[in-house]
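Please examine the sequence and the model displayed below.

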Amino acid sequence: MFDIRKTEADINGCFVIRLLNRGLEFFRKLVPCSLKNSFILSNLDYLITAVCSLVFISSLFASSTVIGIFIWLSFALFLVKILLEDYRISVDFTDVLILVWFFAMFLSTAFASLLPQSLWGLSKMVTYLMFYCVMKHLISEDFRRGYYFIFLLCAVISFESLYVIHQNFVGVEEISGWQDTSHLNAEQVLTRVYGTLQPFNPNLLAGYLLSGFPILAGGFFSLLKVKRYRMSFVVLLMLVCCALGILFSGCRGAYVGLLVEFVVLFAVFSYFVWNDFRDKKYLKKVWIASVLISIFGVIFLVASSEALQARIMSIFAMREDSSNSFRMNVYQSSFRMFLDNFWVGIGIGNKVFREIYGLYMRSGFDALGAYSVFLETAVETGIIGLSTLLAFIGFMIVSAVKNLVAKIVSFSDKILFALILTGVVGMMTHGFVDTIWFRPQVQVLFWFMSALFVVVMNKNKEGKDVA
């Protein structure tokens, strides 16, 4: 059977890793002790944590450039730490999968016909890799920071959810043609909210809230476990508000993603109630009642809104809905791009895509991207990049499921695995029909979950094979 621990030991013992660590040791010997023992350096992790907090907070209102600056600043501080403190570079199996995926991006860029544009797109992806490294370090050094970021995100996502509900009832001006209204009556037209995220777009909002939904769920169950009932009730209300925000966004891909997240959460926590807490019979009744209330609540909400009904039914309209028809045309053109650039793709980023797509698109159907994370990855990085992305996502999902059913994993860690599993599956479901990774607001949540996954995995490696 494949042994992850042995593989990681082999990788960390290779010449490149040993050379990097020896180089760090040599550099530290040249640094004066007074500098290494300074007040700022002794509190560097707190400073990095503060900057990473700004990444999440600024995601609510700042431009992609500002968010990127905060990520680069956090990584610069992280570099100072590893250069001056006693830090050894090591990689996990998940790190290897991520690095192979990024190698596919470098390979695609190296062979790109539009090299400057591809380098620009690659720099954005490298920025997200930096954020992953920083988050993994922070949570590894002090696991309590993982919970700190979870509850910080609970607060941030709650604010956005409440603002979106406010927008829905106050009304917002539609700033783009986001739905086909040609076959709808006035009462069937949904007012699609877009929140505070820049640039204003309901699909971006939906992707953000869908990514945040399992984080709120994880915060709720974590508080419930430590018997913080009042606070858990508040987070539960925000969980409901987040789901409402997704519905009010009118994003049909997020509707499907939310349904999948509900199913995953139901399956996971039903397993907990019937296995980890089988002696507490009242929990079964409470859980069943909660699920039934949620189902009937959603049915009542949809039944009371003709606009929501029309929006949901348009999912099945296929070519009769102009938005569906538009995307199908984009999918066909993008798939031809993939076949013509099968191995390494066209290069990274929407700038490259826009230039090459013009050679394949049907007249009148211009697009910023492929409207699918997987198809976009295939177009940009070819079959090599798509295969490595699927391997990375698949490894996270399979490992999370195995840890959820493992008896020696603590219930606190199982909650975190449930959060990660739900978040990744929900994101990828939405991402199957929408390009949700063009903006950093969703990307930073994905890489936070990835870093949290690696750290929790490492906590539970001793004594068992987790993959």
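D279 lies in the loop that links α12 (252-276) to α13 (281-303); helices here are DSSP runs of H or I with at least four residues, strands are runs of E with at least two, and both are numbered from the N terminus. The structure is a predicted model, in which local features need pLDDT of at least 70 and side-chain atom pairs count only at pLDDT 80 or more, while totals for chains, interfaces and linings use all residues. Residues are numbered from 1 along each chain as its sequence is written, and side-chain values use heavy atoms, with hydrogens and water left out.

With a relative accessible area of 60%, D279 is exposed. The classes are buried for under 20% relative accessible area, exposed for over 50% and partly exposed in between, computed with a 1.4 Å probe and protein chains only. Between the C-alpha atoms of D279 and M361 there are 60 Å, and these residues stand 82 apart along the chain.

N329 belongs to helix α15 (residues 322-340). Its relative accessible area is 2%, so N329 is buried. Apart from neighbours within four places in sequence, N329 contacts R319, R362 and F365, where contact means heavy atoms within 4.5 Å.

Two packed helices are described by the angle and the distance between their axes. For helix α7 (residues 93-110) and helix α17 (residues 373-405), the axes come within 9 Å and cross at roughly 175 degrees. Axes are lines fitted to C-alpha atoms, for helices over the stretch in contact, with angles from 0 to 180 degrees between N-to-C directions. Helices α7 and α17 are therefore roughly antiparallel, a class for angles over 145 degrees; under 35 counts as roughly parallel, 65 to 115 as roughly perpendicular and the rest as oblique. Residues of α7 in this contact include F93, L97, W101 and M105, and those of α17 include E380, I384, L389 and F395. The residues of the contact comprise 13 nonpolar, 6 polar and 1 charged, with Ala, Val, Leu, Ile, Met, Phe, Trp, Tyr, Cys and Pro as nonpolar, Asp, Glu, Lys and Arg as charged, and the others, Gly among them, as polar.

The protein as a whole has 19 helices and 0 strands. Its radius of gyration is 23 Å, close to the 23 Å that the globule rule gives for 467 residues, so the protein is as compact as a globular protein of that length; the radius is taken over C-alpha atoms, and the rule is 2.2 Å times the number of residues to the power 0.38. Buried residues account for 52% of the 467 residues.
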